[in-house]
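User: Please go through the core and the charged pairs of this structure with me.

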Amino acid sequence: MGKADQASWIRQIYKRLEQAKAKDDGQEVFGADSHKYRLAPPAGEEAIQVFELKYGIRLPEEYRNFLMLVGDGGAGPYYGIYGLRALEQALKDDQDYSLLSEPALYPKMSDEDWDIAVKGQPFAGILPIGSQGCSHMTGLMLRGPYCGQVVYFDLDHCVKPFFVRENGFLAWYMRWLHEVISGYEIFWFGTNLDGNEQQLMEQYQQADNSEEKAEIIDSFRKFKKLPKKQQQFFKAACDQEPNMEIRMKLVKMLAHFRVKGMGGQIEKMWEYGAYAEAISVINYEGDWDTKKKWQEQILEKLPQLRGDAFRDACYTIKALKDCPDINAGRLKEALAQKDLDKNEKTVLFYCIRALSGKEAVVDYFLDFLLTEQDPYLLIYAIQALEGIADRRLQNIYVKLLDRYRIHENAQKDYQGSQKVLAGGGCLGASRPEGQVVSNLMRRFDLFGLDYRGAWKLLMNDQSWEEWKRQRGFEKLWSSDKRE
């Protein structure tokens with residue numbers, strides 16, 4: 001089929017795809033460096049029919065026509081659109097899809113219904129058509145009232161599914177092209193409302209409930225700038241908004257665009273007790289003076305915070321690392337909290353690494369390093385203690401090296417490092433257990449060991465035992481009451 005005979009929608013896709021490629025010539029849009037705005041040649045109807053016969057299904061019509069007439073996979077939202085070969089691989093690799101079953105998912109399903117669905121086959125009746133990274137996927141409903149609609153889902157069941165607002169594949173795909181060409185921020189493409197700044201402002205003016213308002217406000221994050229007209233409108237809306245939750249969303253959105261005069265709103269949120277939202281604005285949008293102004297209140301609240309608020313507070317404190325009254329000792333109470341999750345501990349350790357006065361928290365890490373089993377947390381804890389030459393810590397570092405140097409992943413990282421070092425380069429550890437060893441080795445540079453020498457020492461049992469004896473570590477172990 002020549003171009004003159006192609007349907008107008010096909011020509012429109014090709015035209016917009018070229019425009020998107022030109023707009024994002026640096027391939028900065030998420031996933032673009034994978035698909036590079038290229039489509040595979042069309043699959044043709046015969047190949048489509050063979051696939052459908054094999055799986056006993058008929059592909060949703062718009063997606064079917066796309067593969068058959070436009071391209072057999074390639075450029076598209078996130079990491080691109082699956083063609084027939086990628087579809088087969090996805091269905092082969094994962095048993096979560098039961099293509100012939102009735103779907104269990106529907107838009108805006110309740111938490112209770114989602115919990116029930118997870119116990120069965122939550123992704124039944126869904127065709128996976130693309131990856132969004134990690135366990136996040138793009139799919140198409142194969143049957144039922146939402147047949148042909150695009151749905152986002154997580155193979156690890158961490159979040160509920162999200163049905164995009166477009167009624168079919170092509171509208172969703174064309175919107176993606178439009179947003180790339182418009183230069184929008186589209187990391188989570190399709191989760192925001194469609195429309196430009198003026199259209200969304202008009203929708204807000206007509207909105208009559210807080211849920212609709214919140215969705216509109218969140219959708220403004222896709223723009224890189226907020227025009228003066230919308231700045232003035234939403235500042236006025238913020239001052240008049242009686243719903244504190246919506247007001248907080250407005251404040252954060254306006255601060256995101258560096259709209260001046262939001263300091264008073266932060267104070268109102270703090271007075272209201274909306275500490276998480278206030279700290280979020282201070283962290284992401286506040287300048288150094290703003291962070292300094294609120295540092296004492298943030299430090300006071302830190303042990304009570306969790307989740308995003310805790311992490312935002314840690315990042316704010318880290319940004320103030322050069323202040324004479326900011327030091328690691330002021331985080332002792334936060335460290336003592338027993339209910340911090342992995343992400344919270346990671347950010348807290350990352351913050352401590354940047355601060356002075358780390359000697360004040362060494363006792364915490366003496367216990368933590370000996371009891372923690374998660375190698376990723378150990379890595380951040382070891383990095384947090386950078387620059388501390390404490391013999392007690394060195395003793396524990398040796399014990400950790402004894403534990404992790406013989407782990408198969410550390411052994412593999414060692415073998416890989418030697419291959420690269422033979423050519424004069426240096427390869428860092430890539431596996432978590434190898435990274436623990438690699439970070440620990442950097443704490444022994446005071447003994448004159450370089451990276452190559454440290455790896456070789458650790459992988460030779462006899463040399464390692466002799467090295468420990470020469471430096472008295474075994475003697476220390478015999479009197480160590482922490483083991």
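User: How many residues does the largest nonpolar core have?

Analyst: This is a predicted model, in which local features need pLDDT of at least 70 and side-chain atom pairs count only at pLDDT 80 or more, while totals for chains, interfaces and linings use all residues. Residues are numbered from 1 along each chain as its sequence is written, and side-chain values use heavy atoms, with hydrogens and water left out. A nonpolar core is a set of buried Ala, Val, Leu, Ile, Met, Phe, Trp, Tyr and Cys residues joined through side-chain atoms within 4.5 Å, buried meaning under 20% relative accessible area, exposed over 50% and partly exposed in between (1.4 Å probe, protein chains only). Tyr63 and Tyr173 are among the residues with the most contacts inside the largest core, whose size is 149 residues.

User: How many salt bridges does the structure hold?

Analyst: A salt bridge is a side-chain nitrogen of Lys or Arg within 4 Å of a carboxyl oxygen of Asp or Glu. One network of them links Glu166, Arg175, Glu179, Asp194 and Lys222. The structure's total is 26.

User: With which residue does arginine 306 form a salt bridge?

Analyst: Arginine 306 is partly exposed, at 26% relative accessible area. Its closest N and O atoms in the salt bridge are 2.5 Å apart, and the partner is aspartate 339.

User: What is the N to O distance between lysine 292 and aspartate 325?

Analyst: Lysine 292 counts as partly exposed at 27% relative accessibility, and aspartate 325 likewise at 30%. Their side chains meet in a salt bridge, with an N to O distance of 3.1 Å.
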